[in-house]
Amino acid sequence: CPGALAVYDEAIASDPYFDENYFGRADARIVCANELTGTEREAAIDLGIVDLEKGLEVGRGNPRALLRVGQINQELGRNEEAILAYEAVRQEDLGKTIPEWNIDYLIATVYQAQGDTAQAVSYAQDALTKAPPDTAQQLQTYIQELTGQPPAEIEPDATVPEATAPVSAA
């Protein structure tokens, strides 16, 4: 890991305006963080997030990097930051690269993880109304897991009843 990070450090020093160098170093930091534990791991991931944000600043509006910021924050249980990043993807990308239904689904999973089943169902239902037909069944199954209601009873345009109990994330 130190060798890979040194290569990216050199590349950034050579060309600080090339956003992909920051994204690459961020990925390397996050992969290397998996070899660490506790506060060292979290500090390494935080540095990876800083690199992603610097790359976003240099590259101005890379929706995939914003998505990665959301995913990393979600993995760390930083739910509010994850939702903010996902919403930023929606604003920056406007559905061009990352479909809006996918953003709604990701936000639903954050709410599910924090135990807010009603919000999770709401975002999942929004995702279902925007999703292509080949994805609708998966979203219906997800909503069924959240609500405990059989998927056959859930229509894409139907209002989903309030959930009976939260379901833990798989």
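Tutor: H3 and H4 cross with a left-handed sense. The model is predicted, and every value here is computed from it. Helix H3 covers residues 38–59, and helix H4 covers residues 63–75. Their axes come within 10 Å. The crossing angle is roughly 160 degrees. Angles over 145 degrees count as roughly antiparallel, so H3 is roughly antiparallel to H4.

Now the residues in contact. H3 contributes Ile-45, Ile-49, Leu-52 and Leu-56. H4 answers with Ala-65, Leu-66, Arg-68, Val-69, Ile-72 and Asn-73.

Next, another helix pair. The axes of H1 and H2 come within 9 Å. They cross at roughly 160 degrees. H1 and H2 are therefore roughly antiparallel to each other. Their crossing is left-handed. On the H1 side, the contact is made by Leu-5, Tyr-8, Asp-9, Ala-11 and Ile-12. On the H2 side, the residues are Asn-21, Tyr-22, Gly-24, Arg-25, Ala-28 and Arg-29.

The model has one disulfide in total. Cys-1 and Cys-32 form this link, with their sulfur atoms 2.0 Å apart. The angle about the S-S bond is -105 degrees, and the link is left-handed. Cys-1 lies in the segment before helix H1, which spans 2–14. Cys-32 lies in helix H2, residues 19–33.

Cys-1 has a relative accessible area of 35%. Buried means under 20% and exposed means over 50%, so Cys-1 is partly exposed. Cys-32 has a relative accessibility of 11%, so this cysteine counts as buried.

Finally, the setting. The protein chain has eight helices and zero strands. Read along the sequence, the pattern is α-α-α-α-α-α-α-α. There are 170 residues in the chain, and 42% of them are buried. Among contacts with a separation of 6 or more, 48% join residues 24 or more positions apart. The accessible surface of the chain comes to about 9,300 Å². Carbon and sulfur atoms account for 50% of that surface.

Technical notes: Residues are numbered from 1 along each chain as its sequence is written. This is a predicted model: local features need pLDDT of at least 70, side-chain atom pairs count only at pLDDT 80 or more; totals for chains, interfaces and linings use all residues. Side-chain values use heavy atoms; hydrogens and water are left out. A disulfide is a pair of cysteine sulfur atoms within 2.5 Å. Helices (H or I, at least four residues) and strands (E, at least two) are DSSP runs, numbered from the N terminus. Buried means under 20% relative accessible area, exposed over 50%, partly exposed in between (1.4 Å probe, protein chains only). Contact means heavy atoms within 4.5 Å. Accessible areas come from the Shrake-Rupley method with a 1.4 Å probe; for residues, only the protein chains shown count as cover. Axes are lines fitted to C-alpha atoms, for helices over the stretch in contact, and angles run from 0 to 180 degrees between N-to-C directions. Angles under 35 degrees count as roughly parallel, over 145 as roughly antiparallel, 65 to 115 as roughly perpendicular and the rest as oblique. A crossing is left-handed if the near helix is turned anticlockwise from the far one by less than a right angle, and right-handed if clockwise.
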